[in-house]
Amino acid sequence: MLNLLWQFFKTGPDIAQIADSEVVKRKFNSVRWRVFASITIGYAFYYIIRQSYSVIKKPLLASGIVTPTEIGIIGSIFFVTYGLGKFTNSFLADRMNNKRFFSFGLFISSLTMVGMGLVNSFVPLAVLWGLNGWFQSYGAGPSIVALNQWFSNKQRGTLYGVWFTSHNLGSSFAYFAIAAIVSAYNWSMGFVAAGIISLIGTAFIYFGMSDRPETMGLPNGAVYYGEKTQEQVDAEKKKSVSSQQWNAVVKNPAVWILGLSSLCVYIARYAVESWGVIYLTTEKGYDIMGAAGVMAYMQVAGIFGALLCGLISDKFFNHKRNKPALLYGILYSMSIAGFVWAPHSFTVDMLCMTFYGFTMGALVCYMGGLMAVDIVPKRVTGAAMGMIGLLSYAGAAIQEFVTGKLMTITVVGGEKVYDFGYATEFWVGAAVASTLLALLVWNAKPQED
């Protein structure tokens, strides 16, 4: 059975290269942009699923089916399975036919989401959301491996930023559409709708993606862009992928430090994104649609942050990310502090969420993968994404559990009152720590392939 799965998912064999250079150029250019559209729009569907849970949290709590602690446990289980899955599946993505791998993950994730809408107790919700986390991890690694297979190193920063907007596109859709469905019907319909909508993305990925260029009679991307000779690529293919993953990624201290910085970024990020709707409705008096609107606006700001961060570092900082990352980190910390500690004001909340969204879009792009991808060989970029992903989502899991434990609920006049206690200090502290850790790899240099 395992052998059959491996045969289905592994990358195809190289075939004889097309001799006509004009045909090669025309075909390569056409396929690479279809691949890019597939990974960008396809990954947005992954995020429709992931962010829907944040929208549905408050109605789930109100239903009495789960407690805040159980909500935190469910979220932590997802991030544990997602982090472990991202580590494992991103390592595998260096060897896979990512057209099949990427679309299969979204297909199973969509089915588990529908299943969550059909159950109504803590244990099955936790099991299904944990299973969802594993299959959600089929998204990022294959996306970045495909990006590196079809585009040049000089295009990577800009295109990585554009791809990263998929996070915000999917999340903002969830905040608007899923919140409207939940408000009109109930929390279970929110799960079902997110799953059904995302099944569309499965077909989009499968018919738009492609395997490596060499499996289609095209040259290796590095050869096509003049970054390497065919002889160098052939020599690289004779080397063990596993040994390169171990030496250039797992044993690289800079990758670990970037991973710890990303861990802290993700604590703050998922604190705001997972609990933001509840925080705004309980601490600042918004209704669920108003709170979801503020959070959706934040995701729109995040689109511009992600879209511009790679371009800014490529054009103005000579492809280096350290200086812009420091500036973004300072603004990131200040915006979260303003969001949770400033008195209730729609104007202030929107201003803080604008800066938060813009800087979060950039920082998760930088710390969540791009800076690590920059300093490892191209052949093991999936492994780098896996390492960063493992640590990032360990942070997300820690955040869910700690925030759930720090929250308390009291009943006043028959109404539930939520108190976040020391949770907000935990969130802001993590944002500050992420900025300080990133300074430790200020002079990290890219490794040649």
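How many nonpolar, polar and charged residues does the lining of the largest cavity have? Sorted by class, there are 5 nonpolar, 4 polar and 3 charged ones. (Ala, Val, Leu, Ile, Met, Phe, Trp, Tyr, Cys and Pro count as nonpolar, Asp, Glu, Lys and Arg as charged, and the others, Gly among them, as polar.) The views below take you there and to a few other spots.

Before you start, note that this is a predicted model, where local features need pLDDT of at least 70 and side-chain atom pairs need pLDDT 80 or more, while totals for chains, interfaces and linings use all residues. Residues are numbered from 1 along each chain as its sequence is written, and side-chain values use heavy atoms, with hydrogens and water left out.

**View 1. Here is the largest cavity, with a volume of about 90 Å³.** A cavity is a set of points on a 1 Å grid over the protein atoms alone where a 1.4 Å probe fits but cannot get out; lining residues have an atom within 4 Å of a point. Points join across faces, edges and corners, and the volume is the space filled by probe spheres set on them. By this rule, the model has 3 cavities of 30 Å³ or more. Around the largest cavity you'll find Arg50, Gln51, Tyr53, Ser54, Lys57, Gly75, Phe78, Phe79, Trp129, Tyr270, Ser274 and Glu400. Helices α2 (21–63), α3 (68–93) and α12 (253–283) each give two or more residues to this lining. (Helices are DSSP runs of H or I with at least four residues, numbered from the N terminus.) The top contributor to the lining of the largest cavity is α2, with 5 residues. Domain 1 (26–219) and domain 2 (244–441) each supply at least three residues of that lining; the domain bounds come from an automatic or database assignment.

**View 2. Now for the second largest cavity, which holds about 60 Å³ of space.** It has 14 lining residues, and the closest to its centre are Lys86, Phe164, His167, Tyr266 and Gly368. At least two lining residues come from each of α2, α3, α7, α15 and α16 (381–406). Helix α7 has the largest share of the lining of the second largest cavity, at 4 residues. Sort that lining by class and you get 11 nonpolar, 2 polar and 1 charged residues. Domain 1 and domain 2 both give residues to the lining of the second largest cavity, so it lies between them.

**View 3. This one opens up: the second largest pocket, with a volume of about 530 Å³.** A pocket is an open set of grid points with protein on both sides within 12 Å along at least five of seven lines. Of the 22 residues lining the second largest pocket, Arg212, Glu214, Asn220, Lys237 and Arg379 are the closest to its centre. Two or more residues of this lining come from each of α6, α9 (221–224) and α10 (230–238). By class, the lining of the second largest pocket splits into 5 nonpolar, 6 polar and 11 charged residues. Residues from domain 1 and domain 2 both line the second largest pocket, so it lies between them.

View 4. (Rings of Phe, Tyr and Trp, using its six-membered ring, pair if their centres lie within 6.5 Å; planes under 30 degrees apart are stacked, over 60 edge-to-face, the rest tilted.) Phe101 is in helix α4 (98–116) and Tyr138 in the loop between α5 (122–136) and α6 (140–150), so the pair ties together parts 37 residues apart in sequence. Phe101 is buried at 2% relative accessibility, and Tyr138 is buried at 9%. (Buried is under 20% relative accessible area, exposed over 50%, partly exposed in between, with a 1.4 Å probe and protein chains only.) Tyr332 and Tyr356 make a stacked pair, 5.6 Å centre to centre with 20 degrees between the planes.

**View 5. Finally, two lysines sit over rings.** The charged end of Lys57 is over the ring of Trp275, 4.1 Å from its centre. Lys284 is over the face of Phe339, 5.5 Å from the ring centre. (This needs NZ of Lys or CZ of Arg within 6 Å of the ring centre and within 35 degrees of the ring normal.)
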